[in-house]
Amino acid sequence: MRNSFEATFLDRSRKDALMKELDDYVATAA
Amino acid sequence: MEQFIQGMPKAELHLHIEGTLEPELMFEIGERNGVSIPFASVEEVRKAYEFSDLQSFLDIYYAGANVLLKEQDFYDMTWAYLQRVHAQNVRHVEIFFDPQTHTDRGVPFETVITGIHRALQDAEQQLGISNKLIMCFLRHLSGEAALETLEQALPFKDWIIGVGLDSSEVGHPPQKFTAAFDRARAEGLLTVAHAGEEGPPEYIWEALDLLHAKRIDHGVRCVEDEKLVERLRNEQIPLTVCPLSNVKLCVYDRMADHSLKRLLDAGLCATVNSDDPAYFGGYMNENFLAAQQGLDWCATPSRRRSSIGRARMR
């Protein structure tokens, strides 16, 4: 869930890396 | 669907580490520390996990925490949680700990935080789980006690990202802790707060305006106040929602009544978390699955606005 990664207290680059990981996963599963 | 949820990369933002103490580990630690538990067996403990409200849960929660005395106990509890969520593909955690639950029993603050911190470090290195640690004040105690706890924490400030507020909500509004939160922010710490779980929407306003909370923990009762929903949406203030917890503690009678999907469809930054998983029947995957089944929530993007995979801020 993208919201969860966006809502973290991580820096922008780590957030983006985790969200890309999620997006890739969802795209593969779709 | 279960397979999709299992493999999905996740972040957990609302997790009380003391709420991960499974009965088996509670007995193991109690035995090695010579602390008796008011239950005869693991099965008896689990049978006691039928709660009528937040307070009925907290009474058992604090009894269970009594077994935790040594740094290794806090390490073992934290490490057990991290191993579990690693198996659920949780990639990042921001966890709460309640030092007053332990310091009020005579356990030094340093013992508590060192055990937790060491497990978090090991998880980052060995399991690849990044993390942040948030220190919560117990709201049924005084604002002065919160300030004293903050002073104890300052030598370990580098290990803590922020402070939060938990325990019995009703009758203990955020305003009681304005001084402690002001002091924490002056020290460079971020702030979050439990609000709007059992307490009214006014507590969420106070958490935002008086405590300057960057996230609201639970916050599900915001739906009772249209102006509040509008503000949460406009400022994209995250809500750390805990579906199984809310049903277990009777905030909602059944999952189908839960507001999570309505919050997401309204454009709020709601997230899914487990709260106290040892007590509420599930960790991250179980929360996602229960929400998906109870709310008829789709997995991947569709014409519906929200989906489990891509639920996102606007």
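Helix 7 of chain B has a well-buried set of residues: V112(B), I113(B), G115(B), I116(B), H117(B), A119(B), L120(B) and A123(B) are buried. This is a predicted model, so read the rest with that in mind.

**Helix 7 of chain B**
- The buried residues of this helix pack against helix 5 (71–86), strand 2 (90–97), helix 6 (99–103) and strand 3 (130–138) of chain B.
- Helix 7 covers residues 109–127, 19 residues in total, and spans 26 Å from first C-alpha to last, close to the 27 Å expected at 1.5 Å a residue.
- Just past the end of helix 7, G128(B) has a positive phi of about 75°.

**Helices 8 and 9 of chain B**
- The axes of helix 8 (residues 143–153) and helix 9 (residues 178–186) come within 8 Å and cross at roughly 20°.
- Angles under 35 degrees count as roughly parallel, so that's what helix 8 is to helix 9.
- On the helix 8 side, the contact uses G143(B), A146(B), L147(B) and L150(B); helix 9 brings A179(B), A180(B), R183(B) and A184(B).
- Sorted by class, that contact has six nonpolar, one polar and one charged residues.

**Where chain A touches chain B**
- Here 18 residues of chain A are in contact with 28 residues of chain B.
- On the chain A side, the elements giving two or more residues are helix 1 (2–6) and helix 2 (12–29).
- Helix 2 of chain A supplies the largest share, seven residues.
- By class, the chain A side splits into 11 nonpolar, three polar and four charged residues.

Technical notes
Residues numbered from 1 in each chain as written. Chains lettered and ligands numbered in written order. Predicted model: local features only at pLDDT ≥ 70, side-chain atom pairs only at ≥ 80, totals over all residues. Axes fitted to C-alpha atoms, helices over the stretch in contact; angles between N-to-C directions. Helix = DSSP H or I, 4+ residues; strand = E, 2+ residues; numbered from the N terminus. Parallel < 35°, antiparallel > 145°, perpendicular 65-115°, else oblique. Contact = placed C-beta atoms within 7 Å. Nonpolar A, V, L, I, M, F, W, Y, C, P; charged D, E, K, R; others polar. Expected span 1.5 Å × (residues − 1). Buried ≥ 20, exposed ≤ 12 C-beta atoms within 10 Å, placed from the backbone.
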